[in-house]
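The following questions and answers concern a structure that is shown below.

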Amino acid sequence: MKRLTRISGIALTAALVSVGVASAASLGLASGKLGAGSAAVSGCTSSSLTATRNVDNSGNVTKVNVLSVPQACAGQTLAITLGNSSNTSLGASSAVVGTCTGGCTATVTGFGTVSAANVTAYSLSLTQ
Amino acid sequence: MRRFRPTRVRLVASILVGSLAFAGVGYAASLGLASKQLHAWRQTLIKGTCNQTSTTADDTYVQQALPTSTAGGTATTLTISPVAAAQDYAFIRFNLSGCSLPTSAGADSAVLTVRVTTAGADTISLFPVTSSWTSSTLTWNGVSSLTVGSTATGTFSASTTGNKTVTVTADVDAAIKAGTLWGWELRATSGTAIVAIAAAENGTAANRPSMTLSYAK
């Protein structure tokens, strides 16, 4: 009985870990806590930088600018997902942060036709 | 060597470890499992409206025939004329300071409404102004020192009286980021008639220029 309980505990732990791995690849905006606040893993910054978007006269997003990106982030990939109130992705794109002096403004284009009126959140990441 | 005793406490601990591993892997993987370094964050936008009326409007018209006149600043209608040597241009802007929008905000949509009070077969085009002016001082001679876009943001036909709307979302979005909306120069780009639109000083409040603005900040 004790052995059975021990095996059950280990098996349950393994199962939870494997479920985590399995679902990770598809984890998207629907996971409500994704990116809330900030979490840095030896990255170029630990700050939650401010993003702002430009629109055309039809109100569609033409680009997203991330302000005051530290120079140390040059060369890293900035990925941005535009989300709506249902935490659904409306468009995503990425760009490599260029070199600059001081705080950089990183610009990401290519989101397709996304109405700014429907965008309620940006999910951003910097990866190397 | 101590034997592992499968107590209830240890079973719960195992579940807890598994749950934490699940959460950690899930967060990291959203950035790409191959990522060496990462930083992720989420920015939530606040939506709102800040419609503009004559209270925040400033407008005038300038006259080629009277190149130093500032009379348009207090006029109740704004004349727009394409007549050679007697052209008139109108200018309209809104003070958005009451919206308390940071420069990181942006317009989701913006629509300007003006009312044609004297009709004529003209197409009126709106060109964005991005330098400062005020209705009390702007003259025909002063227009040359303004920064006016060369591409029209929008147009309307002045062939009938009544309200005309022009979508100005991109201009207002850019103005929010610049900190100030300097509005538009309105001039006839086709036609030969002298037309007029109601000014912010017009006696009928419903006829005055207005602008609907939806924003995100």
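**Strand pairing, confidence and burial**

Q: In which sense do strand 2 and strand 3 of chain A pair?
A: In this predicted model, five bridges join strand 2 of chain A to strand 3 (residues 61-69) of chain A. The sense of their pairing is antiparallel.

Q: Which residue is the bridge partner of A:Ala51 in strand 3 of chain A?
A: Strand 2 and strand 3 of chain A are linked by five bridges. For A:Ala51, the partner in strand 3 is A:Val66.

Q: How many helices and strands does chain A have?
A: From the N terminus on, the order of elements in chain A is α-β-β-β-β-β-β-β. The secondary structure therefore comes to one helix and seven strands.

Q: Over which residues of chain A does pLDDT stay under 50?
A: The mean pLDDT of chain A is 76, and 66% of its residues reach 70 or more. In the stretch with pLDDT under 50, the model has 68 contacts beyond four places in sequence. That stretch covers residues 7-42.

Q: Is A:Gln128 buried, partly exposed or exposed?
A: A:Gln128 lies in the segment after strand 7 (121-127) of chain A. A residue counts as buried with 20 or more other C-beta atoms within 10 Å and as exposed with 12 or fewer. Because A:Gln128 has 15 other C-beta atoms within 10 Å, it is partly exposed.

Q: Which strand of chain A do the buried residues of helix 3 of chain B pack against?
A: Helix 3 (residues 169-178) of chain B is mostly covered, with seven of its ten residues buried; among them are B:Val172, B:Ala175 and B:Ile176. These buried residues pack against strand 6 (106-118), strand 7 (123-128), strand 9 (162-167) and strand 12 (210-216) of chain B. In chain A, they pack against strand 2 (51-55).

Q: Which residue just after helix 3 of chain B takes a positive phi?
A: The helix spans residues 169-178 of chain B. Just after it, a positive phi of about 105° is taken by B:Gly179.

Definitions and conventions. Residues numbered from 1 in each chain as written. Chains lettered and ligands numbered in written order. Predicted model: local features only at pLDDT ≥ 70, side-chain atom pairs only at ≥ 80, totals over all residues. Helix = DSSP H or I, 4+ residues; strand = E, 2+ residues; numbered from the N terminus. Contact = placed C-beta atoms within 7 Å. pLDDT = per-residue confidence, 0-100. Pairing = 2+ DSSP bridges.
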